[in-house]
Amino acid sequence: MTPILFYGVPAGCSFGSIVALEWLQIPYRLCRIDMLSEEIRSANYRRVNPVAETPSLLTSDGRLLSESMAILGHLAPHGVETGLAFAQGTAGFDRLNQMLAFLNTSLFGGFSPLWYAYEHELGDEAKAALQGFGAAQLEKAHADLAAMLGERPYLLGDKPTLADAYFYGIARWAEYHGVPDRASWPGLQGLFERLRDDPAVRFAEAIEKGEAAVSNGGFQGHVTLDEALGELRQAA
Ligand SMILES: N[C@@H](CCC(=O)N[C@@H](CS)C(=O)NCC(=O)O)C(=O)O
């Protein structure tokens, strides 16, 4: 079956998996999950992802997989020939996993207190404490990432890898929160702008906004959650 990526809106971390699918040029479909509605916590969606989060992937052999790192790792073999990912047992494989792990913990984690403060009713003191903590974490994560990037155009070298796809989907959250000021790290800002102009990133942005989106990859359209669950039942 053609894989289905369940992606969350608005501004989900699923963004990187959409960009990855486009870059990898493999056939895929999308299922849109509204994170602001009850849909994401519904019994139906919990059958896809028991912890009620996005992204999830219904794989070509009918299995459900969640967690961005697992999804990108599952897709990675399709990118070995084009340099988007690397064969297991190589130095590139280890470097890519190391970078993805950093992005998924230190970078994503820095935004977590900011999202919590943004989404919850809190007293001024609690909000300020969370915002201060998030800003400090993000300052360090950006400084560390800028040092790792050095003068390279992409996170791991001269060409984009799946890490760059994931990076963009997380780094753009700075625009929501006003911190950190990415321009303080010109290398990271340059990377961000390079990715912003990429057709797959523009495609994923249009998909999120529900606008007409031009795929240069293998996008085969949207399915509803009910349709996806129907396919899941058949595959079982
Ligand atoms: N560790 C998970 C985190 C997934 C996650 O936190 N997803 C968020 C969107 S970025 C979500 O679905 N939140 C549920 C909600 O907002 O109700 C991963 O890396 O995939």
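Why is strand S2 largely enclosed by the rest of the structure? Of the 8 residues of S2, 6 are buried, so the strand is largely enclosed by the rest of the structure. A residue is called buried if 20 or more other C-beta atoms lie within 10 Å of its own, exposed if 12 or fewer do, and partly exposed in between, with C-beta atoms placed from the backbone. The model is predicted: local features need pLDDT of at least 70, side-chain atom pairs count only at pLDDT 80 or more, and totals for chains, interfaces and linings use all residues. Residues are numbered from 1 along each chain as its sequence is written.

The chain contains 10 helices and 5 strands; these are DSSP runs numbered from the N terminus, with helices (H or I) of at least four residues and strands (E) of at least two. Along its principal axes, the C-alpha trace spans about 50 × 45 × 35 Å. A compact globule of 236 residues would have a radius of gyration near 18 Å, and the chain agrees, because its own value is 18 Å. This radius is taken over C-alpha atoms, and the globule rule is 2.2 Å times the number of residues to the power 0.38. Of the 236 residues, 36% count as buried. Two residues are in contact if their C-beta atoms, placed from the backbone, lie within 7 Å. Among contacts with a separation of 6 or more, 68% come from residues 24 or more positions apart.

The 5 strands form an open sheet in the order S4-S3-S1-S2-S5, with mixed pairing. Two strands pair if DSSP finds at least two bridges between them. Strand S4 (64-66) and strand S5 (218-222) are the edge strands, each pairing on one side only. On average, neighbouring strands of this sheet are turned by 30 degrees against each other, direction ignored. Axes are lines fitted to C-alpha atoms, for helices over the stretch in contact, and angles run from 0 to 180 degrees between N-to-C directions.

Strand S1 (residues 4-9) pairs with strand S3 (residues 56-58) in the antiparallel sense over 3 bridges, whereas S1 and strand S2 (residues 27-34) run parallel and are joined by 6 bridges. Phe6 has Ser56 as its bridge partner in S3 and stands opposite Cys31 in S2. S1 is mostly covered, with 5 of its 6 residues buried.

Within S2 lies Arg32, which is buried, with 20 other C-beta atoms within 10 Å. Not counting residues up to four places away in sequence, Arg32 touches Tyr7, Val9 and His222. Arg32 and Glu208 are 176 residues apart in sequence, yet their C-alpha atoms are 8.5 Å apart in space.

Among the helices, H3 (residues 68-75) lies across S3 and S4 and runs at about 120 degrees to S4. Helix H6 (residues 162-171) has 10 of its 10 residues buried, so it is largely enclosed by the rest of the structure. The buried residues of H6 include Asp164, Tyr166 and Phe167. They pack against helix H1 (15-24), H3, helix H4 (91-119), helix H7 (174-177), helix H8 (186-196) and helix H9 (199-209).

The ligand is surrounded by Gly8, Gly12, Cys13, Met35, Ile40, Glu53, Thr54, Pro55, Glu67, Ser68 and Asn104; a residue is near a molecule or strand if its C-beta atom, placed from the backbone, lies within 6 Å of it. This shell has 4 nonpolar, 5 polar and 2 charged residues. Ala, Val, Leu, Ile, Met, Phe, Trp, Tyr, Cys and Pro count as nonpolar, Asp, Glu, Lys and Arg as charged, and the others, Gly among them, as polar.
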